[in-house]
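Biologist: Can you walk me through this one? I'd like to hear what the labels rest on.

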Amino acid sequence: MTHEVWIPAVHRDLTGGVEIVQLRGDTVGALIDQLDERYPGIKDRLCEGDRVRPHISVAVHGTISPRGARQ
């Protein structure tokens, strides 16, 4: 399934200013891995190990998810 991933302004220095990215994946973690392949360093900003950093919110279909990368 293809997902539209919005990149917050604070992280767009890593994406060359790109705001929206289309990615395929089954979990938020898989999408973050794909983002990091395309834009090295973004995973380090979003995650601590295999978990989304506590101050990062993940929205799935417009709803904030408490499950982070597992969603």
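Modeller: Let's start with the largest pocket, whose volume is about 690 Å³. The model is predicted, so local features need pLDDT of at least 70 and side-chain atom pairs count only at pLDDT 80 or more, while totals for chains, interfaces and linings use all residues. Residues are numbered from 1 along each chain, and side-chain values use heavy atoms, leaving out hydrogens and water.

Biologist: What makes residues part of the lining of the largest pocket, and which lie nearest its centre?

Modeller: Lining residues have an atom within 4 Å of a point of the pocket (an open set on a 1 Å grid over the protein atoms alone, where a 1.4 Å probe fits, with protein on both sides within 12 Å along at least five of seven lines). Here 26 residues line it, and V5, W6, V28, V58 and A59 lie nearest the centre. The lining divides into 17 nonpolar, seven polar and two charged residues.

Biologist: Why is R12 said to be in a helix?

Modeller: R12 falls in α1, residues 12–15, and a helix is a DSSP run of H or I with at least four residues, so that run qualifies.

Biologist: What does R12 touch?

Modeller: Contact means heavy atoms within 4.5 Å. Leaving aside residues up to four places away in sequence, R12 touches W6, I7, G17, V18 and E19. With that same exclusion, the contacts of I7 include R12, V21, L35 and I42.

Technical notes: Points joined across faces, edges and corners; volume = space filled by probe spheres on them. Nonpolar A, V, L, I, M, F, W, Y, C, P; charged D, E, K, R; others polar. Helix = DSSP H or I, 4+ residues; strand = E, 2+ residues; numbered from the N terminus.
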